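Open the model in your viewer and keep the selection panel at hand.

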Amino acid sequence: MTGHITPEMKYVVEQLVPCYGVDGRQRLKPAAFMDMAQEIAYLAAGAMHFGYDELASDGTAWVLSRICFRFLETPSWRDEVSLYTWHKGPYGPFYVRDFSLEGKDGRKLVAATSSWVILDVASRRMMRTNEITEMIPESTVCHEDAIAEPASKVMIPRGAATEEAGEHVVAYSDVDLLGHTNNARYVVWAMDCIPYEVAAEKEISEVSVNFNHETRPGDVVKMVRYREGDVFYVEGLTQDKAAFCAKIVFKA
């Protein structure tokens, strides 16, 4: 997958929705969108010279902290789509990156916003934005909003009666290029905690995920869930620490 930078400082790739990224009704899965978004984020940052290679030379790496994406119209298998991404600069401790998945005719299908941090790989210390501003020129910022508000903190409502929803042992297929669980896998686990008849039949409106604590091969992640109508919360716990929390909203 290759792309180019537009005059508006967006990075865009064109592709087909693949068969391995859709469900039984041939609709794009949320985790498949996550995979697409992660790849183009790496490509875009690399094309602007603050990507994986540049950070790796300093012993640092981009790490996704939060994401929110909305299905305005659900893409289907073999749809011709254009995926755009652009970064909006620092926002508090985060760097904000937005995404827009668009159809061949330009209609918007999926809108997303995400919050990233730069991590010192050896110490696992989060770098402050003022420590790295010189690496990311203001000239590369695009101030357009795919979603105006930054991705928010996701938590199961206080006092909610949760129920156990299974567990997962982190294994080979879960691990990414940094050696910990790939972010899209948390969305896979969360979707698998939702009753199949709901996940398979209803359309998704919005997915929000916070990535709170990394997991590695051999870790046991226990899932709990809470349902409130068409809204599901799924939290993954390792040794009583919240690894992730997801909020998945289905269309009524």
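Which residues does glutamine 38 touch, not counting residues up to four places away in sequence? Select glutamine 38 and look for Asn182, Asn183 and Ala184. Contact here means heavy atoms within 4.5 Å.

Before moving on, note the ground rules. This is a predicted model, where local features need pLDDT of at least 70, side-chain atom pairs count only at pLDDT 80 or more, and totals for chains, interfaces and linings use all residues. Residues are numbered from 1 along each chain as its sequence is written, and side-chain values use heavy atoms, with hydrogens and water left out.

**Stop 1: the helix pair**

Glutamine 38 sits in helix α1. Helices (H or I, at least four residues) and strands (E, at least two) are DSSP runs, numbered from the N terminus. Glutamine 38 counts as buried, at 10% relative accessibility. The cut-offs for relative accessible area are under 20% for buried and over 50% for exposed, with partly exposed in between (1.4 Å probe, protein chains only).

Now show α1 (30-47) and α3 (183-192) together. Their axes come within 8 Å and cross at roughly 175°. That makes α1 roughly antiparallel to α3. Angles under 35 degrees count as roughly parallel, over 145 as roughly antiparallel, 65 to 115 as roughly perpendicular and the rest as oblique. Axes are lines fitted to C-alpha atoms, for helices over the stretch in contact, and angles run from 0 to 180 degrees between N-to-C directions.

Select the contact itself. On the α1 side are Pro30, Ala31, Met34, Asp35 and Gln38; they meet Asn183, Ala184, Val187, Val188 and Met191 of α3. By class, this contact has seven nonpolar, two polar and one charged. Nonpolar covers Ala, Val, Leu, Ile, Met, Phe, Trp, Tyr, Cys and Pro; charged covers Asp, Glu, Lys and Arg; the others, Gly among them, are polar.

**Stop 2: the largest pocket**

The largest pocket holds about 710 Å³ of space. Of its 32 lining residues, Gly21, Asp23, Lys29, Pro30 and Ala31 are the closest to its centre. The lining has 18 nonpolar, five polar and nine charged residues.

A pocket is an open set of points on a 1 Å grid over the protein atoms alone, with protein on both sides within 12 Å along at least five of seven lines; a cavity is a set where a 1.4 Å probe fits but cannot get out; lining residues have an atom within 4 Å of a point. Points are joined across faces, edges and corners, and a volume is the space filled by probe spheres set on them.

**Stop 3: the second largest pocket**

This pocket has a volume of about 600 Å³. Select Val63, Leu64, Phe211, Asn212 and His213, which lie nearest its centre among 33 lining residues. β3 gives the most to this lining, with five residues.

**Stop 4: the cavity**

One cavity of 30 Å³ or more is counted. The largest cavity has about 140 Å³ of space. Its lining includes Ala41, Tyr42, Trp62, His87 and Arg97. Both α1 and β5 (94-103) supply at least two residues each.

**Stop 5: alanine 111**

Finish in strand β6, at alanine 111. Alanine 111 is buried, at 8% relative accessible area. Phenylalanine 69 is 42 residues away in sequence, yet 5.6 Å away in space, C-alpha to C-alpha.
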